[in-house]
Amino acid sequence: MNWIDIGALEDIPLRGARRIKTALGCVAVFRTGADEIFAASDSCPHRGGPLSEGIVHGQSVTCPLHNWVFDLNTGQAQGEDGRLDIFPVRIERGRVLIEGARLTARSAA
Ligand code: FES
């Protein structure tokens, strides 16, 4: 595993997200109300809405454009035919780490 430090947990707003730019496009890193962290592609599969500007509730995010709701564990849209790419993330001593090899693999696809 190739974990990349992308910043402090405190830099991500509670029930919000921070967007990180990668060579492949933007990835949204979400922080839930329970201080859990999830990472997913920032672009909604419906019409490209910026999910990092969506509303985080429980372990889900609602797209700001047309309100599709995505499970942040699986990336699956509830009741819709769409799915987000999900990336492994973890918290270590207050820092947020994302698995870099997966991002690289995605670029090669
Ligand atoms: S662009 Fe996300 S629900 Fe339409």
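Arg 93 sits in the loop between strand S9 (89–92) and strand S10 (95–99). Helices (H or I, at least four residues) and strands (E, at least two) are DSSP runs, numbered from the N terminus.

A quick word on the model. It is predicted, so local features need pLDDT of at least 70 and side-chain atom pairs count only at pLDDT 80 or more, while totals for chains, interfaces and linings use all residues. Residues are numbered from 1 along each chain as its sequence is written, and side-chain values use heavy atoms, with hydrogens and water left out.

Back to Arg 93. Its phi is positive, about 50 degrees, and it is not a glycine. Most residues other than glycine have a negative phi. Is Arg 93 buried or exposed? Exposed, with a relative accessible area of 77%. The cut-offs: buried is under 20% relative accessible area, exposed is over 50%, partly exposed is in between, using a 1.4 Å probe and protein chains only.

Next, Asp 35. This one lies in the loop between S3 and S4. Phi of Asp 35 is also positive, near 65 degrees. Asp 35 is partly exposed, at 33% relative accessible area.

Now the inside. A nonpolar core is a set of buried Ala, Val, Leu, Ile, Met, Phe, Trp, Tyr and Cys residues joined through side-chain atoms within 4.5 Å. The largest has 16 residues, and Phe 30, Leu 51, Val 61 and Phe 70 have the most contacts inside it. Strand S3 (25–31) and strand S4 (37–41) each supply at least two of its residues. Another core lies apart from it, with 13 residues, including Ile 12 and Phe 87.
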